[in-house]
Amino acid sequence: IAFRFLPILVLAAKICPPGVETTLYATFTSLYNGATYFWGAEYGGMLATYLGVTDKNFSNLYLVYIWAIVACLLGLIFFPLIP
């Protein structure tokens with residue numbers, strides 16, 4: 001997981017003002033950890049329940065995977081905004 005997050009931190013360190021790299025790193029790390037816990041555990045479970053995925057019924061599991069892939073790719077929309 002750390003290797004996935006490293007390019008984002010390197011890019012952020014390059015575009016942030018000098019002297020605030022540590023604060024930016026701490027902020028990004030805490031946001032990443034909080035979002036991973038909250039979105040992954042809470043919304044993933046709610047989405048699976050909404051789509052009817054249970055321990056015995058996996059018929060809609062592919063929809064959960066599609067939602068997860070789309071959610072991961074949403075960040076690509078913001079790449080043109082990077083200076």
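In which helix is Met-46 found? I located Met-46 in helix 2, which covers residues 21-50. Helices here are DSSP runs of H or I of at least four residues, strands are runs of E of at least two, and both are numbered from the N terminus.

**Entry 1. Basis of the model.** I noted that this is a predicted model, in which local features need pLDDT of at least 70 and side-chain atom pairs count only at pLDDT 80 or more, while totals for chains, interfaces and linings use all residues. Residues are numbered from 1 along each chain as its sequence is written, and side-chain values use heavy atoms, with hydrogens and water left out.

I then looked up the confidence, given as pLDDT (the predictor's confidence in each residue, from 0 to 100). The chain has a mean pLDDT of 82, and 96% of its residues reach 70 or more. Among the elements, helix 3 has the highest mean pLDDT (86) and helix 1 the lowest (78).

**Entry 2. Overall form.** I recorded 3 helices and 0 strands, in the order α-α-α along the sequence. The C-alpha trace spans about 55 × 25 × 20 Å along its principal axes. The radius of gyration of the chain is 17 Å, whereas a compact globule of 83 residues would have one near 12 Å. That radius is taken over C-alpha atoms, and the globule rule is 2.2 Å times the number of residues to the power 0.38.

I looked up the surface next. The accessible surface comes to about 6900 Å², and 74% of that surface belongs to carbon and sulfur atoms; the areas come from the Shrake-Rupley method with a 1.4 Å probe, and for residues only the protein chains shown count as cover. Of the 83 residues, 10% count as buried (buried is under 20% relative accessible area, exposed over 50%, partly exposed in between; 1.4 Å probe, protein chains only).

**Entry 3. Single residues.** I returned to Met-46, which counts as partly exposed because its relative accessibility is 48%. Its C-alpha atom is separated by 35 Å from that of Ala-13, 33 residues away along the chain.

Phe-28 also has its place in helix 2, and I found it partly exposed at a relative accessible area of 27%. From Phe-28 to Leu-11, 17 residues apart along the chain, the C-alpha separation is 12 Å. Leu-11 belongs to helix 1 and is partly exposed at 33%. The C-alpha atoms of Leu-11 and Ile-82 are 9.1 Å apart, although 71 residues separate them along the chain.

Leu-24 lies in helix 2 and is partly exposed, with a relative accessible area of 22%. I read a C-alpha to C-alpha distance of 8.6 Å between Leu-24 and Leu-9, which are 15 residues apart in sequence.

**Entry 4. The largest pocket.** How much space lies in the largest pocket? I noted about 1600 Å³. A pocket is an open set of points on a 1 Å grid over the protein atoms alone, where a 1.4 Å probe fits, with protein on both sides within 12 Å along at least five of seven lines; lining residues have an atom within 4 Å of a point.

The lining has 29 residues, and Tyr-32, Ala-35, Ala-71, Cys-72 and Gly-75 lie nearest the centre of the pocket. Helix 1 (2-15), helix 2 and helix 3 (61-73) are the elements that give two or more residues to this lining. Helix 2 supplies the largest share, 10 residues.

Notes:
Points joined across faces, edges and corners; volume = space filled by probe spheres on them.
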